[in-house]
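Here's a quick briefing to read with the model open beside you. Take a look at the fold, then work through the notes by topic.

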Amino acid sequence: MDNFKKFCKQIKQAPNRGVEENAECSAIKFDDDDGLVASLTENYADQCRVDYVEIIENGLILIEMKDLQSKILENFERRPTQEELSGIFDNMIKKFKHSITLMAEIKPDLIPITNYLVWKNDTETNLMDKYLPKEFKDRPYQICRTNEIFAKLSTLGTRLCQE
């Protein structure tokens, strides 16, 4: 577990719209050049994966950071089609599935327990209610904002990246 601990980094949203949001806690950076996956000898570049993972004893928590408001509104010059919206949410579902598979290869005794989709703080709830597909709402993912993820994780006293 100590080799995972060196990847503990502050949870951040990707800079977008000029604002970089940070959470008040850390987790294992999983994606990108400074993440755990990049350190592996196997090349997993073609797989979708979540931004962060956290481990509590043998429990695995997946954390995906998303500026959904920007994805939905600013990436389209018009109201997005159902197909475009489906692509956004299908990609997120793939990230959770592939990340579980990848972590099972790295550490097979981990049991997935919780998934978080973390929206930027300024995400309008009514916008998400309007665009979030019903089947996505019914999945076992907890949705929160950047400033709320610490409260969710802080209830778990045995986190690997606990400060």
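A residue is called buried here when its relative accessible area is under 20%. By that cut-off, strand 4 is mostly covered, with 8 of its 8 residues buried. Keep in mind that this is a predicted model.

- In general, the strands of a sheet pair through backbone hydrogen bonds, and they can do so parallel or antiparallel.
- Strand 3 and strand 4 run antiparallel and are joined by 5 bridges. I55 stands opposite L60 in strand 4.
- Those two strands make a hairpin with 2 residues between them, and E57 in the turn has a positive phi of about 50°.
- Strand 4 and strand 5 (residues 111–119) run parallel, with 8 bridges joining them.
- Two of the positions to look for here: L60 stands opposite P112 in strand 5, and L62 has N115 as its bridge partner in strand 5.

**What covers strand 4**

- Which residues of strand 4 are buried on each side? On one side they are G59, I61, I63 and M65, and on the other they are L60, L62, E64 and K66.

**Nonpolar cores**

- The largest nonpolar core has 20 residues, and F4, I28, F30, L36, V53, I55 and M103 have the most contacts inside it.
- Strand 3 (52–56), strand 4 (59–66) and helix 3 (82–106) each put at least two residues into this core. Helix 3 gives the largest share, 4 residues.

**Salt bridges**

- Side chains of opposite charge can pair when their charged atoms come close. Searching the whole structure turns up 7 salt bridges.
- One of them is R159 with E54, where the closest N and O atoms are 3.1 Å apart. R159 is in the segment after helix 6 (149–154) and E54 is in strand 3, so this pair ties together parts 105 residues apart in sequence.
- Are R159 and E54 buried or exposed? R159 counts as buried because its relative accessibility is 6%, and E54 is buried because its relative accessible area is 0%.
- K66 makes a salt bridge with E64, and the closest N and O atoms are 3.1 Å apart. K66 is buried at a relative accessible area of 10%, while E64 is buried at 0%.
- E64 also meets K95 in a salt bridge (3.1 Å, N to O). That pair links distant parts of the chain, with K95 in helix 3 and E64 in strand 4, 31 residues apart.
- K95 has a relative accessible area of 12%, so K95 is buried.
- Through shared partners, the salt bridges join E64, K66 and K95 into one network.

- L85 is in helix 3. Its relative accessibility is 5%, so L85 counts as buried.
- Leaving aside neighbours within four places in sequence, L85 is in contact with I72, P80 and Y131. L85 and Y131 are 46 residues apart in sequence, yet 7.6 Å apart in space, C-alpha to C-alpha.
- T125 is found in helix 4 (residues 125–131), and T125 counts as partly exposed because its relative accessibility is 41%.
- T125 and Q69 are 56 residues apart along the chain, and their C-alpha atoms are separated by 9.7 Å.

Conventions:
Residues are numbered from 1 along each chain as its sequence is written. This is a predicted model: local features need pLDDT of at least 70, side-chain atom pairs count only at pLDDT 80 or more; totals for chains, interfaces and linings use all residues. Side-chain values use heavy atoms; hydrogens and water are left out. A nonpolar core is a set of buried Ala, Val, Leu, Ile, Met, Phe, Trp, Tyr and Cys residues joined through side-chain atoms within 4.5 Å. Buried means under 20% relative accessible area, exposed over 50%, partly exposed in between (1.4 Å probe, protein chains only). Two strands pair if DSSP finds at least two bridges between them. Contact means heavy atoms within 4.5 Å. A salt bridge is a side-chain nitrogen of Lys or Arg within 4 Å of a carboxyl oxygen of Asp or Glu.
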